[in-house]
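Please examine the sequence and the three-dimensional structure shown below. The paragraphs that follow lead through them step by step.

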Amino acid sequence: MKVLQFGATGQVGQALIAAGRGKLSLTTLTRAEVDLTDPAAVRAAVLAADCDLVWNAAAFTMVDRAEAEPEAAFAVNATAPEAMAAACSERDVPFVHLSTDSVFDGQTDRPYVEADPARPISVYGRSKLAGEAAVLARPRTAVLRVSWVFSLYGRNYVAFMLELGRTRDVLKVVADQYGSPTDGEALAAFMVEAAPRWAAGGAGDAAFGLFHFANAGETSRFDFAQAAIARDPLTRAHLEPTTQAAFAEAAARPPRSPLDSGKLARVFGFTPQPWRPAVERAADQLVLAWAAPAR
Ligand SMILES: NC(=O)c1ccc[n+]([C@@H]2O[C@H](COP(=O)([O-])OP(=O)(O)OC[C@H]3O[C@@H](n4cnc5c(N)ncnc54)[C@H](OP(=O)(O)O)[C@@H]3O)[C@@H](O)[C@H]2O)c1
């Protein structure tokens, strides 16, 4: 199985590299190799690659900055995946892309399913939704929507909260935003397992289309942070609940955007575990990694 991967340095990109080791022949492309703001370079990279499958772990993920830089956000999150999917379809190679719960407005009283209407309330969300539509317009494409991703890799909420917990006495955490944390390592392991199915799948295969992928259950940002910090013996922070409004960020966030992963379970037989043990495992691993002497 040969896979071409856009994005090598980000959180999910690194998790995919680790999960694919020994299981896939993975060719990764960094920004220095292919800048996603250059659709011709994106197309050329796909056409030149010797691969059975292409996936994209790169994105413009700076949600607040996207408000001030909509062209850059749309170039990376919409035009680039469109170019990837078009080049893949030219070669009849399947393409797998990642998206976000930020395509929803957060006005819901139950976890979102794939058929729910997307109404993004930020530039980031609109750019990701445009990318989804462009990708899904092509045959043999899959889009996995994930939310609140955490792992051992990159800058992520669990790592960030653990760091702050060690440096602050009081940590104010948003308690009125709800969602489903997503274990980035479980996501990567799933994608590696599913790769042969995508590679072999014909145009009408149920493995293609839109899927939600998140750990089971819903939580607030506050309880998410608390679950991680409670694992760290070196934390000194006391957590205090605050509101999203108190942060005055540039981009609006959906107040409630849990994802229902039932379709993933039905099609792939894969059910992500409940969010809390997954967060605790990642926090334990990060604490252990930080305790290890630097090599
Ligand atoms: N993290 C979350 O909580 C979350 C939540 C929902 C959905 N998602 C989605 O999950 C996917 C993976 O996110 P992540 O957390 O792994 O993001 P990340 O850690 O921010 O990584 C983003 C990656 O995109 C690359 N990139 C950005 N602009 C580029 C450009 N112009 N050309 C080439 N590469 C570029 C970055 O490269 P550099 O290192 O060179 O900047 C980096 O490798 C994305 O589709 C994201 O929308 C993430």
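Leaving aside its neighbours within four places in sequence, with which residues is A83 in contact? The answer is P39 and V42, where contact means heavy atoms within 4.5 Å. This is a predicted model, in which local features need pLDDT of at least 70 and side-chain atom pairs count only at pLDDT 80 or more, while totals for chains, interfaces and linings use all residues. Residues are numbered from 1 along each chain as its sequence is written, and side-chain values use heavy atoms, with hydrogens and water left out.

A83 has its place in helix 4; helices (H or I, at least four residues) and strands (E, at least two) are DSSP runs numbered from the N terminus. Because its relative accessible area is 13%, A83 is buried, a term that means under 20% relative accessible area, with exposed over 50% and partly exposed in between (1.4 Å probe, protein chains only). From C-alpha to C-alpha, A83 is 8.8 Å from A134 in space, although 51 residues separate the two in sequence.

The interior may be considered next. In soluble globular proteins, nonpolar side chains tend to be buried together. A nonpolar core is here a set of buried Ala, Val, Leu, Ile, Met, Phe, Trp, Tyr and Cys residues joined through side-chain atoms within 4.5 Å. The largest such core has 31 residues, and L4, F6, L36, V42 and V54 have the most contacts inside it. Two or more residues of this core are given by each of strand 1 (2-6), helix 2 (39-48), helix 3 (63-68), helix 4 (70-91) and helix 5. The largest share, eight residues, comes from helix 4. L4 is in contact with T27, L29, A45, V46, A49, C51, L53, V54 and W55, its neighbours within four places in sequence being left aside. Apart from this core lies another, of 30 residues, which includes V12, V192, A195 and V267.

The ligand has 22 residues around it, and T9, V12, T61, Y124 and K128 come nearest; a residue is near a molecule if one of its heavy atoms lies within 4 Å of it. Several polar contacts, pairs of N or O atoms within 3.5 Å, are found here. A polar backbone atom of Q11 is 2.8 Å from an oxygen atom of the ligand, and a polar side-chain atom of D35 lies 3.0 Å from a nitrogen atom of the ligand. K128 places a polar side-chain atom 2.7 Å from an oxygen atom of the ligand. Taken alone, the ligand exposes 900 Å², of which the protein buries 81%.

Helix 8 (residues 221-229) is mostly covered, with seven of its nine residues buried: R221, F222, F224, A225, A227, A228 and I229. Among the elements that cover these buried residues are strand 6 (149-150), helix 6 (157-167) and helix 11 (275-291). N215 lies in the loop between strand 10 (209-212) and strand 11 (219-220). N215 counts as buried because its relative accessibility is 3%. A polar atom of the N215 side chain lies 2.7 Å from the backbone nitrogen of D183. Not counting residues up to four places away in sequence, N215 touches several residues, including F150, S180, D183 and W275.

Technical notes: Polar contact = N/O pair within 3.5 Å; in protein donor to acceptor, adjacent residues only side chain to side chain. Areas by Shrake-Rupley, 256 points an atom, 1.4 Å probe, with all protein chains shown as cover.
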